[in-house]
Structures are given as structure tokens and as C-alpha cells.
Protein chains: 4
Amino acid sequence: MARHPTSCEIQIRVRYAECDPMGVLHHSKYFEYLEVARTELLRRSGVRYRDLEGRGILFVVSRVECRFRRPARYDDELTLKVEITRMTKARIDHKYELYRDGVLLCEASTVLACVDRQGQVIPIPDEMTLSE
Amino acid sequence: MARHPTSCEIQIRVRYAECDPMGVLHHSKYFEYLEVARTELLRRSGVRYRDLEGRGILFVVSRVECRFRRPARYDDELTLKVEITRMTKARIDHKYELYRDGVLLCEASTVLACVDRQGQVIPIPDEMTLSE
Amino acid sequence: MARHPTSCEIQIRVRYAECDPMGVLHHSKYFEYLEVARTELLRRSGVRYRDLEGRGILFVVSRVECRFRRPARYDDELTLKVEITRMTKARIDHKYELYRDGVLLCEASTVLACVDRQGQVIPIPDEMTLSE
Amino acid sequence: MARHPTSCEIQIRVRYAECDPMGVLHHSKYFEYLEVARTELLRRSGVRYRDLEGRGILFVVSRVECRFRRPARYDDELTLKVEITRMTKARIDHKYELYRDGVLLCEASTVLACVDRQGQVIPIPDEMTLSE
């Protein structure tokens, strides 16, 4: 049985500074949102990523993929769903869906690797593992 | 015969503000670099993206994919290679490789769609097409 | 009697991507936070800045000043207070105080000018004026 | 006699991702540019800020002030002049002027403090001091 939630959703309001001359959320900024969602999912497991880093346990992004279906605009209130789709000894995969009023704007996936301060792959700490 | 260069490379110095608490270039910032490379490739064809937008011809990113192999660090001087891999009536695909001193840090690809100010797909303007 | 609130406070959580290699909120990012606070203060007057821009009424920042007293760190939950300190026909001055757990981190002030799409100074619209 | 240059100028091209829905460089981004200019001024003295940080010598921004006179636009090529206006035992003041084609866009000033990794004020290292 999973000890932790494996998915959650957050609300994010698009900031003016995040939008580009087209008046829409710049595509690079979506990755900041995904990161915020991962942090909140972890927090709901009782783990603060800040504390992990303090102990020398880091998660680096090794791969991202994102399809932008419809633009998000300045001041939009968005719902971002994040879900852990796979966890191995040293890697976590997430997928994401971004919505505005129930309309899908974007789908994304990321692969994270667990590393130490020297960048060497290390096992994901026990308190984060999903298994029974 | 191609009228335009289909690839180029640019140099980019990593800024302090672009790096995160791990001391490395934040993964969201790579997409700003890719955009700079696309702009420069276009400029070498004699086209300024600024002018296209002024005429109501916009390129929106519809898909990105990126593999981060090794971190880029603050103050690194990087070489970013960009190449057009495919162009259809209303879509351009690019691929990218980011290097530091000949070492590959990152590989990426993007898909752009040509749209008007209302977001409707329109044909890529003639001066950008690659064919004879 | 003022028709509108002239001050408010918002909560902001510091994102990982906003922090620099020192592990603290990069000084350039404070200005994004100030902008979010101004937007929320306006919203509490029943005005959406997005709608103003849609009508061709823009506010441009003409001056900023900021004293950074203590660093804000990744994942900190901050309280940002914003207050309108002066409003003339075409200009609004705000001051700001940023706190973490009651400790002052930063004080700032900004001057905004009301302009049209060509950048020409225009009067602040009636629904935003503070007077009786 | 000063051992080091106390001023320099750099060229910066405005990126698309740095511009906001008004189509102009967002005011928060100017501070990234100022930082790039400080880094280059230091480099011309033979000092890499990266190396200083590696030795535990950090410069934190304690105050900024900026007047935005005219907007910078996407793809503009700008000239940024930076000058050290004052240096004390543990503090450096800079001023800045940003130009496009000889037209002044922005004037700014910053105050930096030299600190160690714990944020305690320490003396500016000898190789950076300006005096004879």
C-alpha cells in the first residue's frame, strides 16, 4: 500500500512577468510551474525538498517533454495536476496536465534522478518510496 | 538549392541569475537559450523575427523535448548548435545540441507552428522556405 | 472617502527556480513579487489589470528602489504588504514591505506612469482614483 | 594608481523571453543585465566572480535604484555602461547607464556588500581593491 499521495493538483495564477510579447505564458515558464507542483506533492507526503537538499539529497531533471495545446494568458487561474507514474531505485517519473476552466492547455512529463552533491546517482531516500 | 542556412551555432555565457541553488543552469532556462539560437539562425537568413511579428506572423512552440546529460554551470561559455530538421507548410522542427568545451551537455528538439495574431495556423512566409 | 482599498497583503511561496547559487531569492525576482502585489491590490478594487490593458490603459514602471535587509530562501512563505502612498493624475506611487514570520526582509518603492499603447502619458481611469 | 579598470561597457541583445505583453523588456530583467555587467567588469580585472564564490567570498546586493526612461524592445542591441563609484572596506557601489543607439534608456545604481557563506560582512579581497 502506498504510504504517500502519488498525485495532487495545485492552483497557479499567471504573472505578468511570465508572459511574453504574444501576451501568453512563455513556454519556458511552464517548467517552473511543474517544479512547484512536484514540491507540493512532496510536501503532502510530509517531506520538504528543502530539507532533502540540506541533507545532500538532490533531484535533478534529466529529461522533460511538453506539448503546448492552447496558450495560458496573463492573470489566468490554472489548475496543474501532477502524478508520479514510475519510481525506481534512483529515478522518479512524473506526468502533468495543465487546465484552465477544465480545458487542457498542456501535457508534460519529466524524469528526475536522485543524486548527491557531487552529482553521483544515489538511492531515493526511504521516506519517499511508494511501496508497501 | 537551399536559399538559407539550415543550421548555425551560437555562444552563450551562463548568467548568475539563471542558476539555481545547485549552482547550475536551471532546466527551464535552456528553453530561453534555444529560442535565442532560433532567432539567430533566422537572422542569418536575413529575416528578423521581430519584423515577422510586426507583420502578424508568429511562431508558437507546440512541443519541446530535452535531455539534460551534464549540468551547465555559472559563467560557463557554451556552444549551442541549432538545425532545422523538417519544414512543412506551417510547421518547423529544430534540433539542438549544447556543448561546453566539446562535451555534450544537452540535446533538445522543438516543434513550432506558424500562426496569425488570433492563433490560427497560417503558411510559413515564402522568404523562410528552404526549397529551391 | 476612498472608494478603494489603498493597501493589502499577499502570501508568496519562494520557488526553487527563483533562487540563485547562494540559495536565496535572486534580487531581480523581488520585482515580480511587487508586481503580483500591485495586481492583487487592484483586483480588490474590482479592477483587473488585464482588462485595463485590453482597453489600452497601461501602467509602466518608471522608477524602483529596493533595500534588501535579509535574504529570503527557497520554500519560505513570505508576506508582502503593498500600499499606495500617492496618486496624481497620471502617476501612482507604491511602497512595499516583505516579511518572513514578522521579520522585515526588504523595503521597496515604485513609481508607475499611466500610458496608452504608444507610451503617451494619459490620465488614470476614474474607477481607479482614490478620492471621495 | 588604480590596478584595475573601474568601468566598462558591454553589449546585450534583448531576448524574447525577457519581454512582457507590452513587447518591452520587463523591468525586473534589467537587474540581470546589471549583474552581467558587474561580472564582466570584474573579469577585466582578472577576477572571476565564480572563483571568489568558490573561496567563500560572496557579494550580495543590499540596495538597488533604477529609473526607466524609455523602453527597451525585443531584439534591441543595447550598450550597458557600468562604473564603480565608491569602494569601502566591505562595500562596492556601482552606477549604470543603458543605451540604444546613443539614447539613454535607463539609469541605475547598486550597493553590494562583501559577505562570507554565513552572510557575515567580510573585507573585500585585496585583488579587487582599487587603490595604489
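Predicted model: local features only at pLDDT ≥ 70, side-chain atom pairs only at ≥ 80, totals over all residues.
Local features need pLDDT of at least 70, side-chain atom pairs count only at pLDDT 80 or more, and totals for chains, interfaces and linings use all residues. Residues are numbered from 1 along each chain as its sequence is written, while chains are lettered from A and ligands numbered from 1 in the order in which they are written.

Start with chains A and B. Helices and strands here are DSSP runs, numbered from the N terminus (helices: H or I, at least four residues; strands: E, at least two). Ten strands from the two chains make one open sheet, in the order β1(A)-β3(A)-β4(A)-β5(A)-β2(A)-β2(B)-β5(B)-β4(B)-β3(B)-β1(B). The pairing is antiparallel. Two strands pair if DSSP finds at least two bridges between them. Strands of a sheet pair through backbone hydrogen bonds, either parallel or antiparallel. At the edges stand β1 (7–13) of chain A and β1 (7–13) of chain B. Each has a single partner strand, so one side of each is left without a neighbour in the sheet. From one strand to the next, the twist averages 25°. Axes are lines fitted to C-alpha atoms, for helices over the stretch in contact, and angles run from 0 to 180 degrees between N-to-C directions.

Now look inside chain A.

Glu65(A) has Glu65(B) as its bridge partner in β2(B).

In total, 19 residues of chain A are in contact with 19 residues of chain B. Two residues are in contact if their C-beta atoms, placed from the backbone, lie within 7 Å. On the chain A side, α1 and β2 are the elements that give two or more residues. The largest share, nine residues, comes from β2(A). By class, this side has nine nonpolar, four polar and six charged residues. Ala, Val, Leu, Ile, Met, Phe, Trp, Tyr, Cys and Pro count as nonpolar, Asp, Glu, Lys and Arg as charged, and the others, Gly among them, as polar.

Chains C and D also form an open sheet of 10 strands. Its order is β1(C)-β3(C)-β4(C)-β5(C)-β2(C)-β2(D)-β5(D)-β4(D)-β3(D)-β1(D), with antiparallel pairing. The edge strands are β1 of chain C and β1 (7–13) of chain D, and each pairs on one side only. Here the twist averages 25° from one strand to the next. Within chain C, 10 bridges join β4(C) to β5(C), which run antiparallel. Tyr99(C) stands opposite Leu104(C) in β5(C).

Next, the helices. Helix α1 (residues 30–43) of chain A lies across β1, β2, β3, β4 and β5 of chain A, at about 135° to β1(A). In chain C, α1(C) lies across β1, β2, β3, β4 and β5 of its chain, running at about 135° to β1(C). This helix has 14 residues and reaches 20 Å from its first C-alpha to its last. That is close to the 20 Å expected at 1.5 Å a residue, where the expected span is 1.5 Å times one less than the number of residues.

Is α1(C) enclosed or open? Of its 14 residues, 10 are buried, so the helix is largely enclosed by the rest of the structure. A residue is buried if 20 or more other C-beta atoms lie within 10 Å of its own, exposed if 12 or fewer, and partly exposed in between; C-beta atoms are placed from the backbone. Among the buried residues are Tyr30(C), Phe31(C), Leu34(C) and Arg38(C). Their cover includes α2 (49–54) and β1 (7–13) of chain C.

Chains B and D are related by symmetry. A rotation of 180° with 0.0 Å of shift along its axis superposes chain B on chain D, with an RMSD of 0.0 Å. The two copies are thus related as by a two-fold rotation axis. Copies are superposed by least squares on the C-alpha atoms of residues with pLDDT of at least 70 in both. In chain B, the C-alpha nearest the axis belongs to Ile12(B), 5.7 Å away. Between the chains, 11 residues of chain B are in contact with 11 residues of chain D. Helix α1 (residues 30–43) of chain B gives the largest share of the chain B side, four residues.

Last, a loop residue. Asp101(A) sits in the loop between β4 and β5 of chain A. Its phi is near 50°, a positive value in a residue other than glycine. Asp101(A) counts as exposed, with 8 C-beta neighbours inside 10 Å.
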